[in-house]
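Reader: I have a model open on my screen and would like to go through it with you. Could we begin with the ligand?

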Amino acid sequence: MHEQKLATERFDLNVERQFWNDWIGEWKTVDSSSVRRAGAVVAQLRSLNLENPRILEVGCGSGWLAAELSRFGSVTGVDLADEPIAAAKAKYPHVDFIAGDFQTVDLPAVHFDLAVSVEVISVFHDPSLFVNRVASLLRSGGYLILTCPHKFVWDRTDFVRRSHGEIPLNWLNMGELKRLLRNHFSLLHTETMMPAGNLGVLRLINSYRLNGLIKKVVPEPSIVGIKERIGLGKTLLVVAQKRV
Ligand SMILES: C[S@@+](CC[C@H](N)C(=O)[O-])C[C@H]1O[C@@H](n2cnc3c(N)ncnc32)[C@H](O)[C@@H]1O
């Protein structure tokens, strides 16, 4: 099993910015996992039945999801990486994009009805500061829809990138995520999605041979659904509400 570095100190923000500019610049298309996560986020947003919400997307990257979210309300997208944000401003002029460090960038307090953040909390040096900041920007009763990599699964996956240089990879398990949120939020919904992993117990659970046999009696989507329900998805998703 690989050790994760839980970094608590901030590193050079310029190094981080450059890293993310390069990283986002490398991704020319949106991959299938991102599409699946976005679908789940939008499904949860719909179920909240918000009327023209003020939406904040934290760590919006190239801005494609922020553009999708703008079908539901006004959207502010924030990201440290200034190059994709400049491109997003030109591509989606109806979305308010801001380049800057989420911890310090100028945003209105107690303002947003919904915060969305996809695969971002784990790259913050201190995830609790991330949660505090999100809570400070939401109105009372405002919502958070958040996804992040599931530590249990990524720890048992051999092809994953283990390091982003100086960028932390603070993968979380559901219990840790719940503990991080509980000071400010009540949890409304949790799920895991996209079963994965090929080491340890997951080597057996996800083996082609075993799944090939099970598929003869249980349809594949049902197998995936069962694994997701028992918490074996590679992505954690939570919907939470800021306490009044
Ligand atoms: C793993 S990527 C996820 C991007 C996007 N949400 C997606 O799902 O494709 C993490 C994102 O967080 C952004 N980020 C990292 N540190 C940040 C900070 N301090 N403030 C704002 N954004 C940050 C990065 O620039 C990057 O776009």
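Reader: Which backbone atom lies 2.7 Å from a nitrogen atom of the ligand?
Author: A polar backbone atom of Gly59 lies at that distance. It is a polar contact, that is, a pair of N or O atoms within 3.5 Å. The model is predicted: local features need pLDDT of at least 70 and side-chain atom pairs count only at pLDDT 80 or more, while totals for chains, interfaces and linings use all residues. Residues are numbered from 1 along each chain as its sequence is written, and side-chain values use heavy atoms, with hydrogens and water left out.

Reader: What does Asp79 do with an oxygen atom of the ligand?
Author: A polar side-chain atom of Asp79 is 2.4 Å from that oxygen. A polar backbone atom of Val118 is 2.9 Å from a nitrogen atom of the ligand.

Reader: How much of the ligand does the protein bury?
Author: The protein buries 91% of the 590 Å² that the ligand exposes when taken alone. Such areas come from the Shrake-Rupley method with a 1.4 Å probe.

Reader: How many residues surround the ligand?
Author: There are 16, and Gly59, Asp79, Asp101, Phe102 and Val118 are the closest. Helix H1 (residues 13-26) contributes the most, with three residues. Helices (H or I, at least four residues) and strands (E, at least two) are DSSP runs, numbered from the N terminus.

Reader: Moving on, where is Val110?
Author: Val110 is in the loop between strand E3 (96-99) and strand E4 (112-118). Val110 has a positive phi of about 50° although it is not a glycine.

Reader: Is Val110 buried or exposed?
Author: Val110 is exposed, with a relative accessible area of 53%. Buried means under 20%, exposed over 50%, and partly exposed in between (1.4 Å probe, protein chains only).

Reader: And what about Glu119?
Author: Glu119, also not a glycine, has a positive phi of about 60°. Glu119 sits in the loop between E4 and helix H5 (127-137), and at 23% relative accessibility it is partly exposed.

Reader: Last topic: which residues of helix H10 are buried?
Author: In H10 (residues 220-229) they are Ile223, Gly225, Lys227 and Glu228. Their cover includes helix H2 (32-48) and strand E7 (233-242), where contact means heavy atoms within 4.5 Å. Just after H10, Gly231 takes a positive phi of about 90°.

How values were computed: A residue is near a molecule or strand if one of its heavy atoms lies within 4 Å of it. A polar contact is a pair of N or O atoms within 3.5 Å; within protein, one must be able to donate a hydrogen and the other to accept it, and residues adjacent in sequence count only if both atoms are side-chain atoms.
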